[in-house]
Amino acid sequence: MIPIIARNIFRLQELLLGRPSFKILSELNKTQWWSQDQLETLRVERLKNLIAIAYEHTPYWKQLMDSSQIHPGDIRSLGDLKHFPLLEKDTLRERREDMVWRGEGKRLQLVRTSGSTNEALEFYTSSSREAHINAARMRGHEWVGIRRGEKEMYYWGSPVELSKQDKLKHFRDWLVNDGLSNGFEVTRDRVRQYVEHWLAWKPKCIFGYPSTFVLTVAMCKEMGLDLKKLKDAGLHVIVTTSEMLSDVDREIISQGFGVKVYDSFGLREGGLIGHECEHQTMHCMDEQVILETINPETLEPTKGEGELVVTNIVGAAFPIIRYRTGDIVTLSNEKCACGRSLSSIKISGGRAVEFIVTNQGKWVVGYSFIYIARSVKGIVKFQVIQEKMGEICVHLAVDNNFPENGMDQVKVQVQKRLNSDDKIIVEIVDDIKPAPSGKYRPVISKVAEELFRNRSFS
């Protein structure tokens with residue numbers, strides 16, 4: 001589809017869904033150049049509005065503010081946010097129904113998300129909240145030369161996305177210039193097919209997980225496939241998401257594809273947090289979120305590295321105020337060469353992902369198991385361990401909502417996802433601890449580590 005037509009079709013689609021994404025995008029493209037004082041005025045007004053709504057429309061926040069002797073009128077600056085206690089994942093999970101404002105607007109819906117160990121969370125979103133996220137993502141892509149309507153290939157997938165590749169969805173994706181390649185299950189044959197498809201379709205951007213891109217580069221090198229041909233076909237950038245992008249992996253991906261690599265960072269429940277600009281500075285979405293860092297042990301504020309705490313100031317349907325993320329970051333107000341007034345963030349810990357390898361030679365990314373775990377109620381955390389080829393062990397930490405046949409459900413889902421004859425063992429454990437580095441590993445596979453080290457992918 002011609003890019004300008006695809007852009008306008010997407011604009012119409014957003015309006016039909018009650019999402020004024022392009023109006024918000026237009027505003028964001030102005031506010032990014034505002035002075036620090038102008039930005040702070042906007043943020044304070046949005047914070048005050050959020051607090052007033054939370055107090056008036058949600059039982060949880062009203063009860064908390066009353067018990068903490070906080071009145072909405074007391075919030076006059078960003079610093080006043082410190083009067084609120086930190087919001088823990090368990091509290092969000094347990095008090096969810098008391099946190100929602102059901103009259104906020106269109107398309108209020110319950111969605112389920114999870115971290116890298118599937119610390120299951122269900123929360124509410126709405127058309128308004130999704131419009132802000134979409135606008136922020138579009139702005140981030142524009143920073144690196146990609147406008148909505150130009151061809152973007154999504155190299156990832158969820159069971160929902162990948163099971164709906166029917167004629168209607170193909171047509172809709174064609175209309176808005178979106179493509180999808182399954183980045184959950186990677187084999188040499190599939191990678192060869194993907195590269196052929198990408199060369200024919202000519203995406204300007206490929207968007208996906210760093211680990212999947214690194215694996216793809218390694219497989220293509222082994223098979224003698226030149227990914228740099230994609231640049232000649234029109235590929236402009238790679239944009240990564242969901243996992244921590246190391247400097248080493250950035251270089252591997254950039255050298256493999258022959259284009260620059262830019263990272264983005266967000267939380268489904270917290271919104272889009274940051275996106276790299278053309279100078280590879282990850283700017284914060286200051287108009288939409290207020291970010292803090294704390295010492296994860298003492299919970300005291302930090303000026304350097306610390307655990308990220310998020311307040312979403314544009315999500316009135318489900319107020320998120322001082323939410324502990326578990327991610328270790330460093331915040332900065334240092335000026336970037338791009339000239340934008342937005343602050344910046346560096347990700348220094350958290351969000352690790354690995355692969356397991358099936359008997360059929362499929363490399364299955366850890367995020368695939370997150371979607372499996374989401375499909376069964378009561379799973380709080382999970383971890384997949386592969387000590388040897390042909391045997392996969394799934395550890396589950398569960399709560400009282402876990403059904404009696406839950407272990408069987410998980411086993412069936414894993415077997416369906418892998419489509420292999422691997423032996424699947426499901427075990428209930430008391431808890432799943434992070435690695436000594438502090439990172440949660442959804443998958444630990446000695447098999448994948450050895451094969452990757454030896455560059456053996458067949």
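**Exercise 1.** Is R96 buried or exposed?

*Solution.* This is a predicted model, in which local features need pLDDT of at least 70, side-chain atom pairs count only at pLDDT 80 or more, and totals for chains, interfaces and linings use all residues. Residues are numbered from 1 along each chain as its sequence is written, and side-chain values use heavy atoms, with hydrogens and water left out. Buried means under 20% relative accessible area, exposed over 50%, and partly exposed in between (1.4 Å probe, protein chains only). R96 has a relative accessible area of 16%, so R96 is buried.

**Exercise 2.** Determine how the side chains of R96 and E97 meet, and which network they belong to.

*Solution.* A salt bridge requires a side-chain nitrogen of Lys or Arg within 4 Å of a carboxyl oxygen of Asp or Glu. R96 and E97 form such a bridge, at 2.9 Å from N to O, and E97 is partly exposed because its relative accessibility is 36%. A network of salt bridges links R96, E97, R102, E122 and K377.

**Exercise 3.** Describe the salt bridge between K377 and E122.

*Solution.* The closest N and O atoms of K377 and E122 are 2.8 Å apart. Helices (H or I, at least four residues) and strands (E, at least two) are DSSP runs, numbered from the N terminus. K377 lies in the loop between α14 (366-374) and β17 (379-388), whereas E122 belongs to strand β2 (residues 121-125), 255 residues apart. K377 is partly exposed at 47% relative accessibility, while E122 is buried at 16%.
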